Structures are given as structure tokens and as C-alpha cells.
Amino acid sequence: MQLSSVFKHYSTGAGRLTVLRDVSLTIAAGEFVSVIGPSGSGKSTLMHILGCLDVPSEGTYRFQDLNVGTLDASALARIRNREIGFVFQNFYLLPRMSALRNVELPMVYRGVPRAERRRRAEALLERVGLADRIHHLPNELSGGQRQRVAIARALANDPAVILADEPTGALDTQTGREIMALFRALNEQGVTVVVITHDPDVARTARRMIRLVDGRIVSDGRVEES
Ligand SMILES: Nc1ncnc2c1ncn2[C@@H]1O[C@H](COP(=O)(O)OP(=O)(O)OP(=O)(O)O)[C@@H](O)[C@H]1O
Ligand SMILES: [Mg+2]
């Protein structure tokens with residue numbers, strides 16, 4: 001993933017608002033990166049661009065050698081579905097579906113045969129530590145367990161990258177730590193992980209920390225092991 005001199009502007013009633021300013025950034029396969037910064041600093045905007053949910057106003061974004069700015073909507077959708085797994089603060093699980101069905105869903109959209117889908121969803125739920133909760137509905141799970149289901153779902157199509165926007169924001173400190181430990185384990189298994197957070201303790205779980213202020217990168221460096 002490579003951003004070169006990216007700007008993002010929004011036009012609002014009050015005029016043009018610039019929320020990313022000259023952002024240049026390369027994230028290599030296999031990295032574990034956190035993006036930290038105050039509210040309104042542009043973190044989610046950056047994640048939307050990295051995740052091909054939005055495109056830069058200026059500058060270029062390359063994802064696996066594709067210039068994202070030149071792709072049409074269906075090509076962007078294909079990248080999102082095949083290459084990127086998204087995790088959000090509020091989980092976004094479907095409330096009437098079991099953990100297993102929630103994890104199967106991206107594979108349904110992709111046309112994976114039922115038996116294979118089920119086998120893979122079970123394996124993913126086991127991988128996130130939920131082998132004994134696969135038939136539970138979301139409201140029968142704790143917050144941390146719901147986030148684990150969402151992470152298993154994000155892994156369903158075997159993405160190269162996981163993008164997580166405030167994945168611990170709705171969780172208590174200890175549960176948040178457990179979720180970050182899970183991301184670290186997934187990263188050690190080869191998944192590129194980008195976690196957005198406003199919490200410095202969460203950010204330090206990653207190997208590299210990028211700090212945004214007012215839409216600019218103000219620091220970018222290795223996290224010292226503690
Ligand atoms: N669609 C939009 N139209 C206009 N302004 C927007 C739009 N989306 C975001 N913004 C503005 O861009 C700025 C950055 O927003 P963004 O969501 O990226 O911040 P953030 O760092 O994720 O903040 P938070 O920590 O509160 O989630 C904010 O000032 C916001 O009001
Ligand atoms: Mg945000």
C-alpha cells in the first residue's frame with residue numbers, strides 16, 4: 001500500500017475542508033501498523049482511502065501495483081472483497097444470524113460452496129478462540145466475543161490486509177488488550193494489520209506507529225518493545 005502526496009478535500013456548506021494534507025506513506029506486506037491522532041485528525045478518512053472505500057482528491061494510492069484512482073467501482077469493490085478485511089468499533093454483526101452465519105456471509109457473496117464455507121467459518125471461529133460459541137447470536141456474546149466474530153468474518157475471504165477502525169473503542173481495557181493480542185497473532189501468521197485508534201496504549205501494541213495531526217503525518221516510527 002503506497003500513498004504519494006495524498007490530499008483529501010470535502011466541500012461543505014462552509015467551503016472547502018482539507019482533511020488529509022500531503023500524506024505519503026508506504027505499508028509493506030506483513031507490517032503491523034497503528035495510526036493514532038486526535039478526533040478529527042483524519043484517521044478514518046485515511047482508512048477509507050487505504051480500504052478503497054474512497055479515493056484521494058489529489059495524489060495517488062497504489063494497492064498491490066494498481067493505481068486505485070484509475071479503477072472503476074466494480075474493480076474497487078473486488079479489491080475490497082478479496083484483499084481487505086474490515087473491522088469496526090461497533091462490530092456490525094447481523095443480529096439474527098449466529099456467529100457461524102455471520103462469518104459465512106462474505107463467502108456466500110463470493111459463491112463459496114456451502115460445505116466449504118461452513119468448514120472455513122468453523123476454522124476461523126476456532127482461530128479467534130470461539131470454537132465453543134459458533135451457534136450463539138451476537139446478543140448472546142460479550143463485546144470482546146462479538147469483536148472476535150467480526151475479526152473472523154474479516155478473515156473469511158483470506159485478505160492480504162486487515163483494516164480496523166477503533167476496534168477496541170467499545171471494549172474495556174483488558175478486553176481491548178486481548179483483541180490487540182489477537183491482531184498481533186494474526187500479523188505473526190502473515191496478515192498485514194492496520195489499526196486506527198486514539199488510545200496510545202492500544203497503538204503501542206503495533207510494531208510501527210503513525211501519528212496524524214490535522215491531516216498531516218507528524219511522526220512515523222518503530223514502536224520500542226516494552
Ligand atoms: N463526508 C464528509 N464531508 C465533510 N467533512 C467530513 C466528511 N467526513 C469527514 N469529514 C471531516 O473530516 C475530518 C476528519 O474526519 P475523520 O473521520 O477522518 O477523523 P478521525 O480522525 O477518524 O476522528 P475520530 O477519532 O473522531 O474518529 C473531520 O473534521 C470531519 O468533520
Ligand atoms: Mg474516526
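Strand 1 (2–12), strand 2 (15–26) and helix 1 (43–50) each supply at least two residues of the shell around ligand 1; helices here are DSSP runs of H or I with at least four residues, strands are runs of E with at least two, and both are numbered from the N terminus. This is a predicted model, where local features need pLDDT of at least 70 and side-chain atom pairs count only at pLDDT 80 or more, while totals for chains, interfaces and linings use all residues. Residues are numbered from 1 along each chain as its sequence is written, chains are lettered from A and ligands numbered from 1 in the order written, and side-chain values use heavy atoms, leaving out hydrogens and water.

Back to the ligand. Helix 1 gives the largest share of the shell, 3 residues. The residues around ligand 1 are Y10, T12, L17, V19, P38, S39, G40, S41, G42, K43, S44 and T45, where a residue counts as near if one of its heavy atoms lies within 4 Å. By type, the shell splits into 4 nonpolar, 7 polar and 1 charged; Ala, Val, Leu, Ile, Met, Phe, Trp, Tyr, Cys and Pro count as nonpolar, Asp, Glu, Lys and Arg as charged, and the others, Gly among them, as polar.

Now for some polar contacts (pairs of N or O atoms within 3.5 Å). A polar side-chain atom of K43 sits 2.7 Å from an oxygen atom of ligand 1, and one of S44 lies 2.9 Å from a ligand oxygen.

What about open space in the protein? The largest pocket holds about 500 Å³. A pocket is an open set of points on a 1 Å grid over the protein atoms alone, where a 1.4 Å probe fits and protein lies on both sides within 12 Å along at least five of seven lines; lining residues have an atom within 4 Å of a point. The volume is the space filled by probe spheres set on the points. Of its 22 lining residues, N81, I84, F86, P106 and R153 lie nearest the centre. Helix 2 (73–83), strand 6 (84–88), helix 3 (99–110) and helix 5 (143–154) each give two or more residues to this lining.

The second largest pocket has about 280 Å³. Its lining has 15 residues, with T173, G176, R177, D199 and V202 closest to the centre.

Key
Polar contact = N/O pair within 3.5 Å; in protein donor to acceptor, adjacent residues only side chain to side chain.
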